Amino acid sequence: MMRTRPLKVALLGCGVVGSEVARIMTTHADDLAARIGAPVELAGVAVRRPSKVREGIDPALVTTDATALVKRGDIDVVVEVIGGIEPARTLITTAFEHGASVVSANKALLAQDGAALHAAADEADKDLYYEAAVAGAIPLIRPLRESLAGDKINRVMGIVNGTTNFILDKMDSTGAGYQEALDEATALGYAEADPTADVEGFDAAAKAAILAGIAFHSRVRLDDVYREGMTEVTAADFASAKNMGCTIKLLAICERAADGGSVTARVHPAMIPLTHPLASVRGAYNAVFVESDAAGQLMFYGPGAGGSPTASAVLGDLVAVCRNRLAGATGPGESAYAALPVSPMGEVVTRYHISLDVADKPGVLAQVATVFAEHGVSIDTVRQQGKDGEASLVVVTHRASDASLNGTVEALRNLDTVRGVASIMRVEGE
C-alpha cells in the first residue's frame, strides 16, 4: 500500500543539474511515487539568484536561505548539487543534524572530507549517497559498494573526465594540436571558459580518491592522489603511440599493491594499447575498467557529465534513500576497515615511453643504455632516427618504479650527447 503523505525534498542548487532534477521529479512524479512507495514533493529550492526564471518550478519554493531550508524539521532528503567545499559542507552536516538524509553530486567535497561526512551521517543515523559524484550517469559507486562487496577489487582504471577525453580523442583522430582541440571543445560546450580543473587533472583526481576509497575499503583523500595534467601532450606523442599500436588517454588509476599491503591512486596521461577496451572510448564519454578476483574484468561505460545524465544518477540515489526512509533503515555507509596506507608515486611500477633528443653520432645508444642499466631499468625496445647531426631516440622500458625512472632521466640529462628529454609517458593497460 502506498503512503499518502509525501516525502519532502530540499534541492540545493538549480543550475544545469539541479534544474533537471527538479524537472524529472515533476514530470515523472507518478512513476517515482510507485517505485518508492510514497509521493516525493519538492519542498524548497535554494539558489543564489532568486530573480532568475526557472521553468516548471513554483517561485514560492525558491529561497536564498539554504541554511533555513535544511533546518526545516519536515525535510526528509536534501539533494546537494551546488558543488565546492563551502557552504556545501556546512549545509550537509546541518541537514544531518536536523534529521534529513543527503544525496550529493559533490566530488570535490567528498574527496576532501568524505570521512567526516560519513561520520556525521552515521551519528545522525541517516544516508549519504553520491552516485552522481563520479562518472555522471554511469552506475559505478553502487556496483563497487554493493554488487562487488563480496569480491576483492585489485584495480580500477578509467576515463572519468569527458572534456579531456574529447580533446585527446580529437588530437588522435585529426592530428590537431592541444590548443586547437581545446578550442573546439570550448566552442562545443565540452570545456569550461577556464578548463584548468579538467585539463590539469583536478576533477579526475577527486573522482579517483572516491573510487579508491570504496574499492579498497580504505580512506583515500584528494591529497593522496598523484596528479599530472595533459596540457603537455603533443601530436608527436600521438604519432609515437600509433607506432606502438596505442592511443593516449588521461587515466585515473587506483591499484592494490601486489603484496596487498598498500594502495596507490593516480591521474595522468598514458599510452594504452588499441586492443584495450578503454582505447575505443570516444568523444566526451567516460568508461571505468574494474579488475577483481572473482568477477574478473568489468567495464562501465556511458555519458559522464551533463544535466540529464547527472540528474539520472541523482534521482537513482533519491529513490534509494527515500525507500530506506520509508523502511526506517539506512543503506551502506563508509567501509574503511582495511585502512590500507596509500603508497607514494615513487613506488608505482609501470612501463615507460621516453623520447630523447640526442646527438647523431656513434656510441650514443650505448651511453643511454648504460644509464638505464645503472638505475636498474630494463629496456624493452629502442627506436632511433637521425640526420644532420641530430637524432631522436625512443626508449620503451619494461616495468620499473617511478622513482627509478626519475633517477634514470636525471642521469640522462647530464649526458653531453643528450640534448633534451622530449617527452615521458607511462604505458598502461598491458
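Contact, as the word is used here, means heavy atoms within 4.5 Å. The model described is a predicted one, in which local features need pLDDT of at least 70 and side-chain atom pairs count only at pLDDT 80 or more, while totals for chains, interfaces and linings use all residues. Residues are numbered from 1 along each chain as its sequence is written, and side-chain values use heavy atoms, with hydrogens and water left out.

Once its neighbours within four places in sequence are left aside, N165 is in contact with I159, K249, V281, R282, G283 and Y285.

Rings of Phe, Tyr and Trp (its six-membered ring) pair if their centres lie within 6.5 Å, and planes under 30 degrees apart count as stacked, over 60 as edge-to-face and the rest as tilted. The rings of F166 and Y190 have centres 4.6 Å apart and planes at 35 degrees, so this pair is tilted. F166 counts as buried at 8% relative accessibility, while Y190, at 38%, counts as partly exposed. In the pair formed by Y285 and Y301, the ring centres are 5.3 Å apart and the planes at 10 degrees, so the pair is stacked. Here too distant parts of the chain are linked, with Y285 in strand β11 and Y301 in strand β12 (residues 296-303), 16 residues apart. Y285 is partly exposed, with a relative accessible area of 36%, and Y301 also counts as partly exposed, at 46% relative accessibility.

In soluble globular proteins, nonpolar side chains tend to be buried together. A nonpolar core is a set of buried Ala, Val, Leu, Ile, Met, Phe, Trp, Tyr and Cys residues joined through side-chain atoms within 4.5 Å. The largest such core has 76 residues, and V78, I167, I210 and L211 touch the most other members. Helix α10 (residues 202-216) gives the largest share of this core, 11 residues. Not counting residues up to four places away in sequence, I167 touches Y178, A181, L182, A185, V199 and M230. Apart from this core lies another, of 34 residues, among them M25, V45, A105 and A311.

Helix α4 (residues 88-97) has A88, L91, I92, T94, A95 and F96 as buried residues. Their cover includes β1 (7-12), α3 (66-71), β4 (77-80), β5 (101-104), α5 (107-124) and β6 (128-129). After α4 comes G99, whose phi is positive, near 95 degrees.

The description now turns to open space. On a 1 Å grid over the protein atoms alone, a pocket is an open set of points where a 1.4 Å probe fits, with protein on both sides within 12 Å along at least five of seven lines, and lining residues have an atom within 4 Å of a point. Grid points are joined across faces, edges and corners, and a volume is the space filled by probe spheres set on the points. The largest pocket holds about 1200 Å³ of space. Of the 44 residues that line it, K107, E192, D203, A305 and G306 are the closest to its centre. Helix α10 supplies the largest share of this lining, 4 residues.

The second largest pocket holds about 530 Å³ of space. Its lining has 24 residues, and the closest to its centre are R155, E255, R256, V349 and R399. The elements that give two or more residues to this lining are β7 (153-159), β9 (246-256), β10 (263-273), β11 and β13, and the largest share, 3 residues, comes from β13.

Notes: Buried < 20%, exposed > 50% of the residue type's maximum accessible area, 1.4 Å probe, protein only.
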